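The entries follow the order in which I looked things up.

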Amino acid sequence: MDAAQHHLLDKQPGQAIAIWRQLIAGGGSDADWGHIEYADYLFREGKEDEARAELAAVMAGGRVFGMPWRLTAELLEELGFLADALVWYSAATRRLTAEELAIPLGPPWAREIRAGQRRVKWRMGMRLDDTDLLVEIGDFEADEKLLHVLSLLQRPEVIHGRLQFWARTEFEYPHALCARHFAANPLERYYQAAEDALRAHAGRLLVSPRTVESLASVLGAALHAKHLTEVRSVASRYDDGTGVEWPPGRNQPCWCRSGTKYKKCCGANRAAEDSGSG
């Protein structure tokens, strides 16, 4: 295999092809390696039909060799053929034994196949199933979910009867996360928007002030969402026991955790409106 790659680097594809064909002629697992490397070369030469024929030979007869199947799926994924990659990941997963399916006790190559299946399904916008969630989450999926959790706090809004917002204490010593909100949205306007969102809903609601310390737990809940569209719902339902009901009494501490009475903080505008309407 190394010799074939050296020939390619030396711009001698003919000799590399000869090595691959020799491996293929020998049969067995070595033939699979030859098919995969030859297919990789053909794909990059724009000969897609020929490349797919080489990969089809790897799957012939339902044979499963862990590493070749994994590398075939990863090659297709790298080239952007996500649906094809998923076929390979899924076919390999269906043929794994109970021991190989065991997480985290299964062999590394089996875990990589399962991780690849989850990764490609997520990239294709497909819903994950319970078995997918048993596999270690990939960086791309985790980053997307983190950004969606942060978006809940970017603009205060009520979701499932609970207001998601940054606690005012988080702005006392602005760190990287809250500093962005502060720069893009003046602090008082941020909490006025939160008060407006609360007042737009009839009845009592629960406000959940989020802190950097609690963010990890909120994200932990969101990481178990099976689809990107579920992240807001999963994260918003997370309760760390710090939520308080709204509206508070005029002389009670403000819901934003400023330490000031509600009537002198976020409720000040409301009191002015109420007196004006009277």
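**Entry 1: salt bridges overall**

I am working with a predicted model. I looked up the salt bridges and found 15 in the structure. I then took several of them one by one.

**Entry 2: within helix H4**

Which residue does arginine 52 pair with in a salt bridge? I found glutamate 48, with the closest N and O atoms 3.0 Å apart. Both residues belong to helix H4, which spans residues 48-59. They sit 4 residues apart, about one turn of the helix. Arginine 52 has a relative accessible area of 27%, so I logged it as partly exposed. Glutamate 48 comes out at 34% and is also partly exposed.

I moved on to arginine 123 and glutamate 77, whose side chains form a salt bridge at 3.4 Å, N to O. Glutamate 77 is buried, at 9%. The cut-off for buried is under 20%, so glutamate 77 qualifies.

**Entry 3: within helix H9**

I looked at glutamate 141 and lysine 145. Their side chains meet in a salt bridge of 2.7 Å, N to O. Helix H9 covers residues 139-154 and holds both partners. They are 4 residues apart, so about one helical turn separates them. I noted that glutamate 141 and lysine 145 are both buried.

**Entry 4: a network**

Which residues make up a salt-bridge network? I listed Asp40, Arg44 and Glu78, which are linked by salt bridges.

I followed up on one of them, glutamate 112, which lies in helix H8. Glutamate 112 is partly exposed, with a relative accessible area of 33%.

**Entry 5: a cis peptide bond**

I went through the backbone next. Most residues other than glycine have a negative phi, and most peptide bonds are trans, so I searched for exceptions. Where is the cis peptide bond? I found it from tryptophan 246 to proline 247, with omega near 5°. Proline 247 is placed in the loop between strand S4 (244-246) and helix H14 (268-277).

**Entry 6: positive phi at lysine 11**

Lysine 11 is not a glycine, yet its phi is positive, at about 60°. I located lysine 11 in the loop between helix H1 (2-9) and helix H2 (13-26). Its relative accessibility is 74%. The cut-off for exposed is over 50%, so lysine 11 counts as exposed.

**Entry 7: positive phi at arginine 257**

What phi does arginine 257 have? I read a positive value of about 70°, again in a residue that is not a glycine. Arginine 257 is found in the loop between S4 and H14, where I had also placed proline 247. Arginine 257 is partly exposed, at 35% relative accessible area.

Technical notes
Residues are numbered from 1 along each chain as its sequence is written. This is a predicted model: local features need pLDDT of at least 70, side-chain atom pairs count only at pLDDT 80 or more; totals for chains, interfaces and linings use all residues. Side-chain values use heavy atoms; hydrogens and water are left out. A salt bridge is a side-chain nitrogen of Lys or Arg within 4 Å of a carboxyl oxygen of Asp or Glu. Helices (H or I, at least four residues) and strands (E, at least two) are DSSP runs, numbered from the N terminus. Buried means under 20% relative accessible area, exposed over 50%, partly exposed in between (1.4 Å probe, protein chains only).
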